Amino acid sequence: MAVEVEMLPMVLLKLLRDRRLAVLTGAGLSTDSGIPDYRGPGSINRTPMFFQEFIKTAANQQRYWARSYLGYGRMNQAEPNLGHLSLVELERAGVLTGLITQNVDGLHRRAGSRGVLDLHGSIDRVICLDCGAVADRAAYQRTLAVLNPGFAAAGLELAPDGDVIFEETGDFKVGPCAHCGGILKPDVVFFGESVPVPRVGQATKWVEQADCLLVAGSSLTVYSGFRFVRQAVKLGMPIVIINRGPTRGDQHATVTLNQGTSATLDALARELR
């Protein structure tokens, strides 16, 4: 059962001190960097493109890439926030067994974290669905710019996965894989896809090596992240959840903190490092 809010600071520090932590982060960690989330308080209801929808028609791929082309530049300009930097401090202090992130924005690495597992992949790469070749996203952005000169739109709303809300995509040209001419998509796990088994295996090891699971900025709605809460429960491991709003894992948590991640992680880093 979760601890009452007014008791959290004392209980939280007592629980985490001298323990090694496996950390799981979600979209709520990046909202302070200007990247919206799907399920946080005040979030607009959005319907992402599912993998089966993406591969079904060339028109769907065209629509996705047009939106992603416009949104990538804005996501790529986002800067790590205090929450990302605080996790770097905890890693350097030897507190973490590993950092598992559901985010695809790359901000943990840009902040300086080294032991990071991108559970859902990374938006800064593209992968061919036919031959498996992986390429740099920035280079592909330049290819799309050449194919679509003048394609731009101002004032568009950035969506959580780095695309934008935009409907006039019918004239957009999508570039094929440079190796085989196949279909390209960002090297991220779409809704409807499974996380690669080796990634799950590595994340599972980090949780096994930890004394506590710390969840920061995730509603745990998606099973790919919630599975580690279930693992921690089986191991009899304490679970701490920091998130604005309720999560799927609250009933399993030793401590829950219903607030933003940036200031909270900063305070924890100052106490634990």
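Select strand S1 (residues 21-25) and strand S7 (residues 212-216): the two pair in the parallel sense over 5 bridges. Helices (H or I, at least four residues) and strands (E, at least two) are DSSP runs, numbered from the N terminus. Two strands pair if DSSP finds at least two bridges between them. This is a predicted model, where local features need pLDDT of at least 70, side-chain atom pairs count only at pLDDT 80 or more, and totals for chains, interfaces and linings use all residues. Residues are numbered from 1 along each chain as its sequence is written, and side-chain values use heavy atoms, with hydrogens and water left out.

**Strand S1 and its partners**

Stay on S1 and pick Leu21. Its bridge partner in S7 is Cys212. Its bridge partner in S2 is Leu96. S1 and S2 run parallel, joined by 5 bridges.

Now show the side chains of S1. Leu21, Val23 and Thr25 point one way, while Ala22 and Leu24 point the other. In a regular strand the side chains alternate between the two faces of the sheet. Is S1 enclosed or open? 5 of its 5 residues are buried, so S1 is largely enclosed by the rest of the structure. Buried means under 20% relative accessible area, exposed over 50%, and partly exposed in between (1.4 Å probe, protein chains only).

**Thr101**

Move to Thr101, in strand S2 (residues 96-101). Thr101 counts as buried, at 1% relative accessibility. Which residues does Thr101 touch, apart from neighbours within four places in sequence? They are Thr25, His108, Val116, Leu117, Asp118, Leu119 and His120. Contact means heavy atoms within 4.5 Å.

**Two loops**

Select Asp18, in the loop between helix H1 (8-16) and S1. Its phi is near 65°, a positive value in a residue other than glycine. Most residues other than glycine have a negative phi, and most peptide bonds are trans. Asp18 counts as exposed, at 78% relative accessibility.

Next, find Leu220 in the loop between S7 and helix H8 (223-235). Phi of Leu220 is also positive, near 60°. Leu220 is buried, with a relative accessible area of 1%.

**An open sheet**

Colour S4, S5 and S6. These 3 strands form an open sheet in the order S5-S4-S6, with antiparallel pairing. Strand S5 (134-136) and strand S6 (184-188) stand at the edges, each with a single partner strand, so one side of each lacks a neighbour in the sheet. The twist averages 45° from one strand to the next. Strand S4 (residues 121-128) pairs with S5 over 3 bridges. Look for Ile127, which stands opposite Val134 in S5.

**Helices**

Select helix H3 (residues 58-76) and helix H6 (residues 137-147). They pack at an angle of about 115°, with their axes 11 Å apart. Axes are lines fitted to C-alpha atoms, for helices over the stretch in contact, and angles run from 0 to 180 degrees between N-to-C directions. Trp65, Ser68, Tyr69 and Tyr72 of H3 make the contact with Arg137, Tyr140, Gln141, Leu144 and Ala145 of H6.

Go on to helix H9 (residues 261-272), which has 12 residues. Its buried residues are Thr261, Ser262, Thr264, Leu265, Asp266, Leu268, Ala269 and Leu272.

**Zoom out**

Show the whole protein chain. It has 9 helices and 9 strands. Buried residues make up 52% of its 273 residues.

Terms used. The expected span of a helix is 1.5 Å times one less than its number of residues.
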